[in-house]
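Trainee: I have a structure open and want to check the labels used for it. Can we go through them one by one?

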Amino acid sequence: MSARDAGSPAADGADRAGRVLVVTAVAAERDAVCAASADGAATTARTLPGGGELRCVRGGPVALDVLAAGVGPAAAAAGTATALTAAALAGTPYGLVVSAGIGGGFAPGPGAALPDGAPSGVPLGAVVVADMIVAADLGAETPDGFTPVTELGFGTVAHRPDPALVEAVAAAAGAAVGTVLTVSTVTGSAARAAELAGRHPGVLVEAMEGFGVAEAAAAHGVPVLEVRTVSNAVGPRDRAAWRIGAALAALTGAFRTFPGAVAAAGGPAADPHRPSRRSP
Ligand SMILES: O=C(O)c1cccc(C(=O)CC[C@H]2O[C@@H](n3cnc4c(=O)[nH]cnc43)[C@H](O)[C@@H]2O)c1
């Protein structure tokens with residue numbers, strides 16, 4: 001791999017403070033993120049070790065590299081770690097990683113209410129920025145119900161992004177702020193939706209990649225965010241009711257304000273984020 005392949009300052013003019021890696025699952029989400037770039041922004045493609053393709057958007061207040069890494073937390077972690085390692089070896093590490101894409105929205109209701117009784121839930125088309133990124137099915141099933149791996153004495157099940165950055169990005173995008181779950185199986189029943197909402201007060205969205213992206217970012221000491229737009233309601237499976245086009249359009253809208261919000265917030269946090277080891 002040459003320095004140019006991984007991205008050198010001379011090649012793209014982006015310094016560490018301004019370099020952001022955005023990881024989506026599929027190409028349609030990647031293209032929706034790239035479509036947000038202002039007229040005049042230049043987009044080039046770069047190949048990562050293993051063949052993954054980065055779309056590099058330059059010309060805005062921060063430099064965005066956008067990668068479609070595949071569906072699910074394992075593909076997301078592998079793709080993110082590859083991109084982070086390639087950039088670090090080239091001497092141009094990223095200052096922020098963002099998991100972005102569409103997701104399922106939890107409905108408002110008693111099961112989704114916050115501990116203080118405030119309503120929760122999000123409608124189709126809403127934008128959500130995660131204040132907590134949670135691996136919802138990483139654990140063990142026991143006679144007493146689900147037990148997260150942390151209670152078994154292992155690992156991490158939650159990452160908490162930098163609150164100031166979360167607020168800045170959410171305010172600019174008109175987004176709700178709350179918990180985003182990472183699941184390996186899309187929820188397909190009212191019972192499972194209620195179980196997840198009961199276990200995670202304040203949950204707004206479920207998707208399939210955020211925790212994988214966050215684990216890779218944490219391994220590299222890089223801050224993480226998750227931005228989701230709601231394509232469907234979490235609950236009984238009804239694929240015909242998914243509004244993917246509207247959610248992708250909302251994703252483009254969120255990334256129109258994203259670079260300015262990150263730049264105005266002073267760029268990515270200087271300190272690496274710390275994974276939370278408590279059970280959410
Ligand atoms: O068919 C298409 O045109 C299309 C375009 C963009 C994205 C898709 C996907 O199927 C993306 C899958 C992706 O979306 C997340 N997601 C969306 N809804 C849910 C959900 O209810 N539960 C969990 N994940 C959801 C997830 O992150 C997937 O990776 C299709």
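Mentor: We take each label, its cut-off and the value behind it.

Mentor: This is a predicted model, where local features need pLDDT of at least 70, side-chain atom pairs count only at pLDDT 80 or more, and totals for chains, interfaces and linings use all residues. Residues are numbered from 1 along each chain as its sequence is written.

Trainee: How far is Ser 189 from Asp 238, in sequence and in space?

Mentor: They are 49 residues apart in sequence and 10.0 Å apart in space, C-alpha to C-alpha.

Trainee: What makes a run a helix or a strand, and how many of each are there?

Mentor: Both are DSSP runs numbered from the N terminus: helices are H or I with at least four residues, strands are E with at least two. The chain comes to 8 helices and 13 strands.

Trainee: Which residues of α5 are buried?

Mentor: In α5 (residues 163-173), Leu 165, Val 166, Ala 168, Val 169, Ala 170 and Ala 173 are buried. Their cover includes β6 (127-135), β10 (176-182), β12 and α8. Just after α5, Gly 174 takes a positive phi of about 65°.

Trainee: What makes a set of residues a nonpolar core?

Mentor: The members are buried Ala, Val, Leu, Ile, Met, Phe, Trp, Tyr and Cys residues joined through C-beta atoms within 7 Å. The largest such core here has 84 residues; Val 20, Val 97, Val 128, Val 169 and Leu 251 touch the most other members. Helix α8 (residues 244-264) gives the most to this core, with 9 residues.

Trainee: What is Val 97 in contact with, leaving aside neighbours within four places in sequence?

Mentor: Contact means C-beta atoms, placed from the backbone, within 7 Å. Val 97 is in contact with Leu 21, Val 23, Thr 80, Val 213, Ala 217, Val 222 and Val 224.

Trainee: Which element gives the most to the shell around the ligand?

Mentor: That is β5, with 4 residues. A residue is near a molecule if its C-beta atom, placed from the backbone, lies within 6 Å of it. Here 20 residues surround the ligand, and the closest are Ala 25, Ala 28, Gly 104, Ala 207 and Met 208.

Technical notes: A residue is buried if 20 or more other C-beta atoms lie within 10 Å of its own, exposed if 12 or fewer, and partly exposed in between; C-beta atoms are placed from the backbone. Two residues are in contact if their C-beta atoms, placed from the backbone, lie within 7 Å.
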